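Work through the exercises below with the sequence and the model open. Each task is followed by a solution in steps.

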Amino acid sequence: MKYGESTFDIIYLLFAIISGIVILVKRRNTIENLLGSAAFILGIGDACHLVPRILNYFIEADFTAWLGLGKLVTSITMTFFYLLIFFLHTKLFTWEEGKKKKMMICLWLLTVCRILICLLPGNKWFTGEGSVHWGCLRNIPFIAIGFLIVIIYFKTRGENPLFKRMWLYVSLSFLFYIPVAIFAPLLPMLGMLMLPKTVCYMLMLGVFLRAAKSKKE
């Protein structure tokens with residue numbers, strides 16, 4: 001199991017980080033800058049959690065603190081990932097200025113709320129003593145962000161063929177993520193749901209790469 005999961009995680013991280021770098025290096029406009037930044041932040045953020053997890057399989061050492069730090073960093077970078085996904089939508093599709101401003105304020109408030117809760121000592125990131133209570137608390141604003149992202153991409157699913165399934169990938173990623181984020185302390189086997197969640201991320205990255213390529217053609 002450890003070899004299969006580790007190989008999968010390494011492939012995903014390389015795919016995410018390299019995709020981000022490739023898009024950023026070749027970027028020519030704001031859309032490509034957002035695509036590349038989102039991919040790169042996704043990969044780097046997840047690396048902070050997955051690299052210690054991989055090392056923990058093969059090295060006899062206590063990685064509790066490193067895994068906790070990785071989860072904290074990933075919690076923050078994932079929040080910014082979806083914020084970039086929102087800004088990407090505002091560049092891809094037409095928005096009324098008033099609605100865009102209200103949505104932007106709402107998402108920024110949820111982002112700040114999410115980060116502040118993640119930084120509270122009650123999360124006990126570095127001791128591995130996570131609880132369902134804190135898992136619920138810190139993920140309420142994050143799930144709200146995800147819900148808003150799903151709504152805006154669902155409404156415009158017919159306007160851009162490349163992004164027509166974006167709402168579905170985001171929806172599935174949250175459906176796989178929520179049980180792990182909240183109930184994993186009680187049932188560690190739920191961690192297996194992170195694999196299909198990661199597949200959803202890779203599908204999003206595929207959309208980013210195709211979108212960046214189409215802008216150059």
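**Exercise 1.** How many salt bridges does the count come to in this predicted model?

Solution. The cut-off is a side-chain nitrogen of Lys or Arg within 4 Å of a carboxyl oxygen of Asp or Glu. By this rule the count comes to 2 salt bridges. One of them joins Arg53 and Glu5, whose closest N and O atoms are 2.6 Å apart. Another is formed by the side chains of Glu97 and Lys100, at 3.8 Å from N to O.

**Exercise 2.** Which helices hold Arg53 and Glu5, and is each residue buried, partly exposed or exposed?

Solution. Start with the positions: Arg53 lies in helix α2 (residues 30-58) and Glu5 in helix α1 (residues 2-25), so the pair ties together parts that are 48 residues apart in sequence. Next, take the relative accessible areas. Arg53 has 29% and is partly exposed. Glu5 has 8%, which is under 20%, so Glu5 is buried.

**Exercise 3.** Where do Glu97 and Lys100 lie?

Solution. Both residues belong to helix α4 (residues 97-119). They are 3 residues apart, about one turn of the helix. As for accessibility, Glu97 has a relative value of 55% and counts as exposed, because the cut-off for exposed is over 50%.

**Exercise 4.** Where is Gly191 found, and what separates its C-alpha atom from that of His89?

Solution. Gly191 sits in the loop between α6 (166-183) and α7 (194-216). With 23% relative accessibility, Gly191 counts as partly exposed. Gly191 and His89 are 102 residues apart along the chain, and their C-alpha atoms are separated by 31 Å.

Key. Residues numbered from 1 in each chain as written. Predicted model: local features only at pLDDT ≥ 70, side-chain atom pairs only at ≥ 80, totals over all residues. Heavy atoms only, no water. Helix = DSSP H or I, 4+ residues; strand = E, 2+ residues; numbered from the N terminus. Buried < 20%, exposed > 50% of the residue type's maximum accessible area, 1.4 Å probe, protein only.
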